[in-house]
Amino acid sequence: FPPVSFLSLHHLCLLLPSLPTDATAVRVLLSGDFKVSQAETRPGNDASDQLGAAAMEASLRAHRPAALLIFAFLSLLSVSSSAAQEIQILNAERRIDLSSQVAIVFLTLKVENTGKAAASDVLLAFPPTEAEHLAEVKAQAASGKKRKKTYAHLIVEPTDVPDAPNGAKGFRLALHNPLSPGETTTIEVLYMLTHSMEPFPAEISQSDPQLVYYRDSAYILSPYRIKQQTTFIKTPSTNVQSFSRVEPTNRAGMELKYGPYEDLPAYSYSPVLVHFENNNPFAVVEELVREVEISHWGNLQITEHYTLAHGGAKLKGVFSRVDYQSRPSASGVSSFKNLLARLPPRVHSVYYRDEIGNISSSRLRTDSRKNLKLNLGIHCLEDGNPHL
């Protein structure tokens, strides 16, 4: 049998001592034939032998449900532990885009069913450091080649990953058509991580660029063996202060390449750290309240209240309005200077203001889809406070 958990072993040890350990008893327990003849007991024909046979028959009847329960439990453990071994990933490619405040990850998996039964789902695993920042997970199955490719959306559900180390979080991808033994399929996964980049230093002056840390693994965490894998990390600029090396590792411009790595077992993990410049605005909506008012005349009035903050490095020192306006390319480069809102086509009577009054530096226009785009001139520096 496969390894079982300590809790499972504890319960089994409590049950097994009360079961008969005799080979004949085990055979009878599994077959269900409780008529024990004198030939299967001690030699002799006296009354004690007959009483012993009757007692053994009663004992077998009493213990058969417990024995069947134990064997069924062990069978389930065997199936669950071998399920992850019935699938392997032939090729995996991961592209991590760090060009904004949100880490956007594209994962392409070529999956093969190496088992003897059809597989109806595929599992994904995320380390705890990523799971707590996971904002969205989407998946689709790709079929066909190049321009004739077709995509089918897959249902993504949280699940427990068997034998997952250190509290890794799992997701189950339900396949539309079960994957037969020996067949392969290509799965594309998109997931986003928020607050995954840590400002370092945590405080900067108004004229300093914003540097951040990003932590991940050179290997893709997976419950399956991966035959070949490669990870690409794209940074927003060529100013990369430092990065971890897990050979083979290469850097070209704004891209880091980890791999290819060959034939890695399940749950392989090698931590990496990238320190780079990221002056993109780290705008965070700490609270959003939407008020919807429906009139008797059919009009709909919507009012939204935003509490904004800058999630990047904090401002060190005093804010200088003169430097900020006279040198916009060098002063407060990581501040967010505007907010973009997309409104429905039939919107009218739009107004916008903050705590101290109307916002005059704004622009309202219509895009190609007849949606209204509202660009608000709200300037927020690294201290998290808005500056108008």
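This is a predicted model: local features need pLDDT of at least 70, side-chain atom pairs count only at pLDDT 80 or more; totals for chains, interfaces and linings use all residues.
**Exercise 1.** Is threonine 230 buried or exposed?

*Solution.* Start by placing the residue: threonine 230 belongs to strand S12, which covers residues 225-234. Next, take its relative accessibility, which is 11%. Buried means under 20%, so threonine 230 counts as buried. To see what surrounds it, set aside the neighbours within four places in sequence; threonine 230 then contacts Ala92, Glu93 and Arg94, along with Lys257, Tyr258, Gly259 and Pro260.

**Exercise 2.** Find out how many cavities of 30 Å³ or more the whole structure holds, and describe the lining of the largest cavity.

*Solution.* Begin with the count: the search turns up 1 cavity. Its volume is about 160 Å³. Sorted by class, the lining has 13 nonpolar, 2 polar and 3 charged residues. Finally, look at the strands: S1, S2, S3, S8 and S11 each supply at least two lining residues, and S3 gives the most, with 3.

**Exercise 3.** Which residues touch the most other members of the largest nonpolar core?

*Solution.* The core has 47 residues, and the ones to pick out are Leu98, Ile187, Val189, Tyr191, Tyr214, Tyr258 and Phe276. Apart from this core lies another, of 5 residues, including Val161, Ala168, Leu221 and Tyr267.

Conventions:
Residues are numbered from 1 along each chain as its sequence is written. Side-chain values use heavy atoms; hydrogens and water are left out. Helices (H or I, at least four residues) and strands (E, at least two) are DSSP runs, numbered from the N terminus. Buried means under 20% relative accessible area, exposed over 50%, partly exposed in between (1.4 Å probe, protein chains only). Contact means heavy atoms within 4.5 Å. On a 1 Å grid over the protein atoms alone, a cavity is a set of points where a 1.4 Å probe fits but cannot get out, and a pocket is an open set with protein on both sides within 12 Å along at least five of seven lines; lining residues have an atom within 4 Å of a point. Grid points are joined across faces, edges and corners, and a volume is the space filled by probe spheres set on the points. Ala, Val, Leu, Ile, Met, Phe, Trp, Tyr, Cys and Pro count as nonpolar, Asp, Glu, Lys and Arg as charged, and the others, Gly among them, as polar. A nonpolar core is a set of buried Ala, Val, Leu, Ile, Met, Phe, Trp, Tyr and Cys residues joined through side-chain atoms within 4.5 Å.
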